[in-house]
Amino acid sequence: MAVAVLAVSLALAHPATAQDSAILKKEMIGQWELSTTERSKTCVIILKGDATPQGLKLELEPGCAKSLPFAKDITAWNIKGLDIVRLQDAAGQPVIDFTEVESGIFEGLRQGEGIYILQNLAAARSLAKSMDQMIGDWAMVRGNGRPVCGLTLTNTDAGSDNFQVFLKPRCDPAVEAFNPMMWRLERGELLLMAANGDVWHFQADDNAQWRLVPDSADPLIMLRQ
């Protein structure tokens, strides 16, 4: 009896898995952006539903291989298992595998290179607009409005998809001791990073301000100047 129950359970589970994979396949058809974590290098990919001997069809925009050299090996895509989006070569071998980490945002790791992002093209371009809006002068203040420091976020490449940030004179000692050198946007947060690896995380609030998290009774807030 136990064997019969197990067989029925497996028979019921398989269609669910196939159904989930089919849903993911359908959701992936369209325009996507393949990029480094903060979009310093990008490539537009059109995923299609047409089957080929190598997998499902895709198109890469001209210049992909120049921007992301491993893209030259990508000839098809497929869904593997329940939730893996695979960009593969002509032999069907993975060039990079992606798993969803947020709604519509997938991450994949290439050993020795780092993490890459696959996300809906429209959402990616919205993020680019957000990054452009971050560049410029900012003020750090306490919750009571007391100025703490001024700083400038730039679009100057600082390596590893980070950008340079500069403090202005006469900052609060705590900020000077932290001494952020780089910044980036990551998963809805503004990250300020020091040379020693310390990171301050800021999240946007309802007033278009960025607050240091975790929050405190005397919060540190970044305001656009």
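The protein chain exposes about 12500 Å², of which carbon and sulfur atoms supply 54%. The model is a predicted one, and the values for the chain as a whole are collected below.

| Property of the protein chain | Value |
|---|---|
| Accessible area | about 12500 Å² |
| Share of that area from carbon and sulfur atoms | 54% |
| Buried share of the 225 residues | 37% |
| Share of contacts with a separation of 6 or more that join residues 24 or more positions apart | 35% |

In secondary structure, the protein chain holds 4 helices and 16 strands. Among these strands, E9-E10-E11-E12-E13-E14-E15-E16 form, in that order, a closed barrel of 8 strands with antiparallel pairing, and the twist from one strand to the next averages 35°. Met-140 has Cys-149, in E10, as its bridge partner.

Is Thr-36 buried or exposed? Its relative accessibility is 9%, and because buried means under 20%, Thr-36 counts as buried. Once neighbours within four places in sequence are set aside, the residues in contact with Thr-36 are Lys-41, Leu-68, Ile-115, Tyr-116, Ile-117 and Asp-161.

Note on methods
Residues numbered from 1 in each chain as written. Predicted model: local features only at pLDDT ≥ 70, side-chain atom pairs only at ≥ 80, totals over all residues. Heavy atoms only, no water. Pairing = 2+ DSSP bridges. Helix = DSSP H or I, 4+ residues; strand = E, 2+ residues; numbered from the N terminus. Axes fitted to C-alpha atoms, helices over the stretch in contact; angles between N-to-C directions. Buried < 20%, exposed > 50% of the residue type's maximum accessible area, 1.4 Å probe, protein only. Contact = heavy atoms within 4.5 Å. Areas by Shrake-Rupley, 256 points an atom, 1.4 Å probe, with all protein chains shown as cover.
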